[in-house]
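Dear colleague,

I am passing on the structure we spoke about, together with some notes on what turned up when I went through it. Please look at the model first and then read on.

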Amino acid sequence: MSHMQRAVELAQEVVGSTSPNPAVGAVLVKDGVEVGAGATQPPGRDHAEIVALKQASDQARGAALYTTLEPCCTWGRTPPCTKAIIAAGIAEVHFAVVDPNPDVSGNGRDELAAAGITVVEEEAEGAKELYESFAKHIATGTPFVTVKYAMTLDGKIATHTGDSKWVTGPDARGFVQKMRRVCDAILVGVNTALTDDPYLTARDDKGTPLVRQPLRVVVDSVCHTPVKAVMFSQPGSTLIATTEAAPDSRVLALEQAGAEVVVLPSGEDRRVDLRALLSH
């Protein structure tokens, strides 16, 4: 396995736990030996490069850094990684993807090169996919949306009576849980909430809810979601997206059940404007 591919695997392990920051993996190599490695920590904590630098300590001087994303050069919740890389005496920096953030894009590379560091753009399998959602949000201000549904060979998602519980099997349902683990939110319509009374949680292979949960979002134009819905007793937070047509009493009842209720514009069909929701 190449050093960069190792960095990609480190990043893949933390996808879903770093938002709004992108998941990054970093590896430090000196004389052909890995001396440090790390991945992006939750928001407000160290970026991948800093984790690797701290692990390598004095061995970082003269080493080569392999990172999946161009090192940041701006101040946010944490200082710029470029400054730390330069101060540590890194000799080479290899990165797989140029940061899509216009404040960083190319600037991180140029700052490192100006400090006398050899900078190499090195493609790696799976690296670009790590940042497709981050790039979408940076470019448009809206989230990257994945549509999930199950359908039979004849184009149905349930029997005509609606009494079929699952169209899929255990393997597909397990894959859905993997999808949920890396998402920031799970969105359903109110009819799903009424018909299925779903948990809308991310669970492990044994069915136990994970510590980190994606936000549950129910699109409900008039707040028909039952206050005794099972989702309100699950770990994590629930947001009800509704319109001005929702009675104040229903809004209050859902808030008292533990939901956050946000009133959004409605479209010509008097339903929640999904564009407004995605921009919220």
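**Notes on the model**

In UniProt, an unreviewed entry places the feature "domain: CMP/dCMP-type deaminase" at residues 1-111. Please keep in mind that what you have is a predicted model. Within it, the span of residues 1-111 is 30% helix and 23% strand, and its end C-alpha atoms lie 29 Å apart.

The domain assignment divides the protein in its own way, giving domain 1 as 3-138 and domain 2 as 170-278. The centres of domain 1 and domain 2, taken over C-alpha atoms, are separated by 35 Å, and the contact between them involves 4 residues of domain 1 and 4 residues of domain 2.

The size of an interface is often given as the accessible area lost when the parts come together. For domain 1 and domain 2 the buried area is about 290 Å², with carbon and sulfur atoms giving 47% of it. On the side of domain 1, the residues that lose the most area to domain 2 are V15, G16 and S19, which together account for 93% of what that side buries.

As for what holds polar atoms together across this interface, the rule finds 0 salt bridges between domain 1 and domain 2, while 2 residue pairs are in polar contact, both at pLDDT 80 or more. Sorted by class, the side of domain 1 that touches domain 2 has 1 nonpolar residue, 3 polar residues and no charged ones.

Most residues other than glycine have a negative phi, and most peptide bonds are trans. S19, already named for the area it loses to domain 2, is joined to P20 by a cis peptide bond with omega about 10 degrees, and P20 is found in the loop between α1 (3-14) and β1 (25-30). D31, which sits in the loop between β1 and β2 (33-39), has a positive phi, near 55 degrees, although D31 is not a glycine.

With best wishes

Terms used
Residues are numbered from 1 along each chain as its sequence is written. This is a predicted model: local features need pLDDT of at least 70, side-chain atom pairs count only at pLDDT 80 or more; totals for chains, interfaces and linings use all residues. Side-chain values use heavy atoms; hydrogens and water are left out. Domain bounds come from an automatic or database domain assignment. Contact means heavy atoms within 4.5 Å. Buried area is the accessible area (1.4 Å probe) that two parts lose on being put together, summed over both. A salt bridge is a side-chain nitrogen of Lys or Arg within 4 Å of a carboxyl oxygen of Asp or Glu. A polar contact is a pair of N or O atoms within 3.5 Å; within protein, one must be able to donate a hydrogen and the other to accept it, and residues adjacent in sequence count only if both atoms are side-chain atoms. Ala, Val, Leu, Ile, Met, Phe, Trp, Tyr, Cys and Pro count as nonpolar, Asp, Glu, Lys and Arg as charged, and the others, Gly among them, as polar. UniProt positions are given in the numbering used here, feature names are shortened, and annotations may be inferred rather than shown by experiment. Helices (H or I, at least four residues) and strands (E, at least two) are DSSP runs, numbered from the N terminus.
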